[in-house]
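Visitor: I am new to this structure. Please show me how to read it, one feature at a time.

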2 protein chains.
Amino acid sequence: MTTDSANQEDSRDGGGEAAADDFEDYADLGATTENAMDIAETSMDRVRELVPDETLADRIRQKSVHATGDPEFQHLVRFTGVDDDEPVRAGARAVLDTAPVVTDITMVKAGITGRGHDCPVRKAIGNGADLAAETGMTRTAASVLELDREGVYDGSIAVVGNAPTAALALADCIEDGTRPAVVVATPVGFVKAAESRKRLREVAADHGVPAITNVGRRGGSGLAAGLTNELIHVASDAREGAVDL
Amino acid sequence: MTTDSANQEDSRDGGGEAAADDFEDYADLGATTENAMDIAETSMDRVRELVPDETLADRIRQKSVHATGDPEFQHLVRFTGVDDDEPVRAGARAVLDTAPVVTDITMVKAGITGRGHDCPVRKAIGNGADLAAETGMTRTAASVLELDREGVYDGSIAVVGNAPTAALALADCIEDGTRPAVVVATPVGFVKAAESRKRLREVAADHGVPAITNVGRRGGSGLAAGLTNELIHVASDAREGAVDL
């Protein structure tokens with residue numbers, strides 16, 4: 001998945017002393033690789049030829065296409081809220097409020113851009129190990145329940161990219177009174193992935209929690225990170241007065 | 001993407017003192033979340049109904065379907081070698097030889113399972129910052145060239161999940177004499193992603209480097225991590241005598 005994960009890399013570690021002269025053999029590489037920003041821009045330009053560019057929700061649809069490399073994915077994204085733009089507005093506002101971003105697994109956390117926001121980013125996995133051992137539930141589900149017990153999910157940007165059981169646990173938390181600022185959930189796979197997103201949509205709608213999800217078996221960590229990064233981009237644009245929330 | 005990233009999580013950090021009794025409200029969760037291993041098994045069982053299960057290459061095809069949630073993805077995977085199984089054999093042997101796994105970005109590294117192997121896992125990004133600044137090439141391309149200069153890619157399991165320019169740089173390195181044990185490359189997107197994989201296939205074929213790639217615009221970090229994890233699983237099966245390499 002294309003995300004902005006590269007942007008968050010600390011280019012200061014490593015580095016070395018390589019002089020450009022050492023790489024005359026790769027003189028052609030400048031032409032073949034271009035600047036990453038140029039590639040990203042060109043890529044989004046192509047996406048905008050394939051996806052409408054009118055609403056805030058369209059930006060999420062565009063990002064879904066960018067992240068999956070599939071123009072058809074725009075039709076698989078679902079928005080839970082008073083209108084399709086609401087979860088995007090809610091997500092961008094949460095970014096402006098420096099709400100915590102809470103991901104299910106490390107891979108999603110690694111894909112969240114480090115630029116354009118001051119939100120703390122944390123992962124659920126690694127918490128709730130005792131609960132998982134005691135109950136036999138999955139470690140990802142237990143990790144969500146444990147963080148929820150600590151109040152972490154209230155007001156958060158809650159992101160599930162990998163684990164259907166994390167999405168199901170998050171739905172239970174919402175049903176029990178937890179109110180994330182926004183939910184982004186795109187777990188992938190053949191067992192419970194689509195069902196877990198459907199349940200999240202139903203619970204989110206019942207309790208007024210804005211949510212961005214997708215239908216079908218596809219999805220994944222890269223998509224979840226990409227959509228969350230787009231909420232950050234919308235927030236950046238709002239900060240600069242380029243969009244109204 | 002479904003990977004085994006959850007497996008590598010250190011369940012010892014966090015954890016807390018949660019007692020099962022505190023979660024009587026979630027008594028139904030055991031039924032709805034099951035055990036993660038059960039879900040993974042059931043998921044792969046469903047995949048095996050959709051993808052042939054005869055060759056080592058079929059295991060990679062299966063994993064591509066598992067990782068993308070899309071049965072059609074099996075037809076998009078390409079194997080470069082004397083036969084389709086060669087890159088899988090080469091990758092599994094490299095795992096048994098504890099060859100380093102070198103990923104392009106952090107997100108792919110985060111998706112590589114911590115179980116079933118003793119391979120060091122490192123990322124390229126973060127290296128070659130000076131080279132990028134001096135030449136204007138992308139940081140991911142510069143990071144690959146810098147690590148290659150240090151001899152890191154020879155004999156490695158070279159994985160590119162995100163950046164087309166990293167794949168193009170890796171192709172240049174191979175053309176210049178570098179010999180990874182195997183290449184896994186699935187960068188995603190609308191600009192240079194498919195082209196970069198095509199060039200890698202051509203260079204790999206010319207120089208006898210086994211490679212696993214895909215055609216089309218789709219792909220991504222989760223897929224690359226998933227396919228690499230399958231090489232690790234094949235190696236585990238070989239270690240136990242369940243498959244011959």
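This is a predicted model: local features need pLDDT of at least 70, side-chain atom pairs count only at pLDDT 80 or more; totals for chains, interfaces and linings use all residues.

Visitor: What percentage of the residues of chain A count as buried?

Guide: Buried means under 20% relative accessible area, exposed over 50%, and partly exposed in between (1.4 Å probe, protein chains only). Chain A has 245 residues, and 60% of them count as buried. Contacts tell another part of the story. Contact means heavy atoms within 4.5 Å. Take the contacts in chain A between residues at least 6 apart in sequence: 68% join residues at least 24 apart.

Visitor: How do I read a pair of helices?

Guide: Two packed helices are described by the angle between their axes and the distance between the axes. Axes are lines fitted to C-alpha atoms, for helices over the stretch in contact, and angles run from 0 to 180 degrees between N-to-C directions. Angles under 35 degrees count as roughly parallel, over 145 as roughly antiparallel, 65 to 115 as roughly perpendicular and the rest as oblique.

Visitor: At what angle do helix 8 and helix 9 of chain A cross?

Guide: The axes of helix 8 (residues 139-149) and helix 9 (residues 164-175) of chain A cross at roughly 30 degrees and come within 7 Å. Helix 8 of chain A is therefore roughly parallel to helix 9 of chain A. Residues making the contact include Val144(A) and Leu145(A) of helix 8 of chain A, and Leu170(A) and Cys173(A) of helix 9 of chain A. By class, this contact has 7 nonpolar, 2 polar and 1 charged residues. Here Ala, Val, Leu, Ile, Met, Phe, Trp, Tyr, Cys and Pro count as nonpolar, Asp, Glu, Lys and Arg as charged, and the others, Gly among them, as polar.

Visitor: Which hand does the crossing of helix 9 and helix 10 of chain B have?

Guide: Helix 9 of chain B passes helix 10 of chain B in a left-handed crossing. Among the contact residues are Leu168(B) of helix 9 of chain B and Leu200(B) of helix 10 of chain B. The axes come within 9 Å and cross at roughly 15 degrees.

Visitor: Is Cys173(A) buried or exposed?

Guide: Cys173(A) is buried, at 0% relative accessible area. Cys119(A) is also buried, at 7%. The structure holds 0 disulfides over all chains, a disulfide being a pair of cysteine sulfur atoms within 2.5 Å.

Visitor: Where is Thr98(A)?

Guide: Thr98(A) is in the loop between helix 5 (86-96) and strand 2 (101-103) of chain A. Its phi is near 50 degrees, a positive value in a residue other than glycine. Thr98(A) counts as partly exposed, at 36% relative accessibility.

Technical notes: Residues are numbered from 1 along each chain as its sequence is written. Chains are lettered from A and ligands numbered from 1 in the order in which they are written. Side-chain values use heavy atoms; hydrogens and water are left out. Helices (H or I, at least four residues) and strands (E, at least two) are DSSP runs, numbered from the N terminus. A crossing is left-handed if the near helix is turned anticlockwise from the far one by less than a right angle, and right-handed if clockwise.
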